[in-house]
Amino acid sequence: MTDSNLRQALNRATPAWGGWITGPTLLGPEEFARAGYDYVGFDAQHGYLDDADIAGILRRLEHVPLGTLVRLPNADAAPIGRVADAGADAVAVAMIESADQAAAAVAATRYPPAGIRSFGPLRPGLGLDPAALESRVSVFAMIETAAALWDIAAICGVDGLAGIYIGPADLAISMGVDAVGATQHPAVLDAITRIHRVATNAGLVTGIHAGNGKTGYAMARLGFRMITLAAEAQALRRGAAEHLREATSDGASDDETGAPLS
């Protein structure tokens, strides 16, 4: 089996840029792909997505050159196994604070005796080889609490972990800092830099939820390899606001690329 789209993107010299999906939309992932993004993350922690939504969208994206990652609220094996069976390239497990929790997340994607995943691939294109099925799923531990900082070296040393993914907002809150503009706070930025350094030294991919292009640029300068820039609603709002600004200003552009309405 060839590398997943996400792994191919991460193997390039440049950062992998991502969008974020919070609701059951088919247009969002495809438009992120058309815009040149490398992957999309599906939010099964905070978003309005269930297993069926994610499985359906993943099947729709089977032939779209776009990596896929699913964020899950914890290391519970059943939900992780279901999205892996549906063909997700990776899972990002939230609120990891210990090596044991990270190991549990990895075990949920591996078949016995290495793990506890049950066999049941849902997409014919994935094949039936257990070794290939478990090797294609990358596991990211989300580091987003001050408690995780105490065990970051041990977490990064967990066998089978592909990388870490930082959630700056939760990390900031756990440190007593405002979530808004978290990456600009010296203490939070210092923690982010430390996590990146430890993970990189352990040979892991470092990812982060930047939330906008300006922060994404700054995180790329720090060396992060997987950077999420915007959710679908955020991108739509920004585009809609720009169209409205153009329509209500004297300097409206004559260069329109959208299809006519009639």
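Biologist: Which element gives the largest share of the lining of the second largest pocket?

Modeller: In this predicted model, that share belongs to helix 9, residues 168–174, which contributes three residues to the lining. The lining has 20 residues in total, and those nearest the pocket centre include Pro 168, Ala 169 and His 209. The space in this pocket comes to about 450 Å³.

Biologist: How do you know how the lining residues of the second largest pocket divide into nonpolar, polar and charged?

Modeller: Each residue is classed by its type, with Gly counted among the polar ones and Ala and Pro among the nonpolar ones. On that basis the lining holds ten polar, six nonpolar and four charged residues.

Biologist: What makes strand 7 and strand 8 a pair?

Modeller: The criterion is at least two bridges found by DSSP, and strand 7 (residues 205–209) and strand 8 (residues 226–231) have three bridges, in the parallel sense. Because the requirement is at least two bridges, these strands count as paired. In one of the bridges, Gly 207 has Met 226 of strand 8 as its partner. Eight strands close into a barrel in the order 1-2-3-4-5-6-7-8, with parallel pairing, and neighbouring strands of this sheet are turned by 25° against each other on average, direction ignored.

Biologist: Why is Arg 71 called buried?

Modeller: The relative accessibility of Arg 71 is 9%, and the cut-off for buried is under 20%, so Arg 71 counts as buried. Arg 71 is placed in strand 3, residues 67–72.

Biologist: Why is Met 95 called partly exposed?

Modeller: Met 95 has a relative accessible area of 32%, and because buried means under 20% and exposed over 50%, this value falls in between, so Met 95 is partly exposed. Met 95 lies in the loop between strand 4 (90–93) and helix 5, and has a positive phi of about 55° although it is not a glycine.

Definitions and conventions:
Residues numbered from 1 in each chain as written. Predicted model: local features only at pLDDT ≥ 70, side-chain atom pairs only at ≥ 80, totals over all residues. Heavy atoms only, no water. Helix = DSSP H or I, 4+ residues; strand = E, 2+ residues; numbered from the N terminus. Axes fitted to C-alpha atoms, helices over the stretch in contact; angles between N-to-C directions. 1 Å grid on protein atoms, 1.4 Å probe; cavity = no way out; pocket = protein on both sides within 12 Å on 5 of 7 lines; lining within 4 Å. Points joined across faces, edges and corners; volume = space filled by probe spheres on them. Buried < 20%, exposed > 50% of the residue type's maximum accessible area, 1.4 Å probe, protein only.
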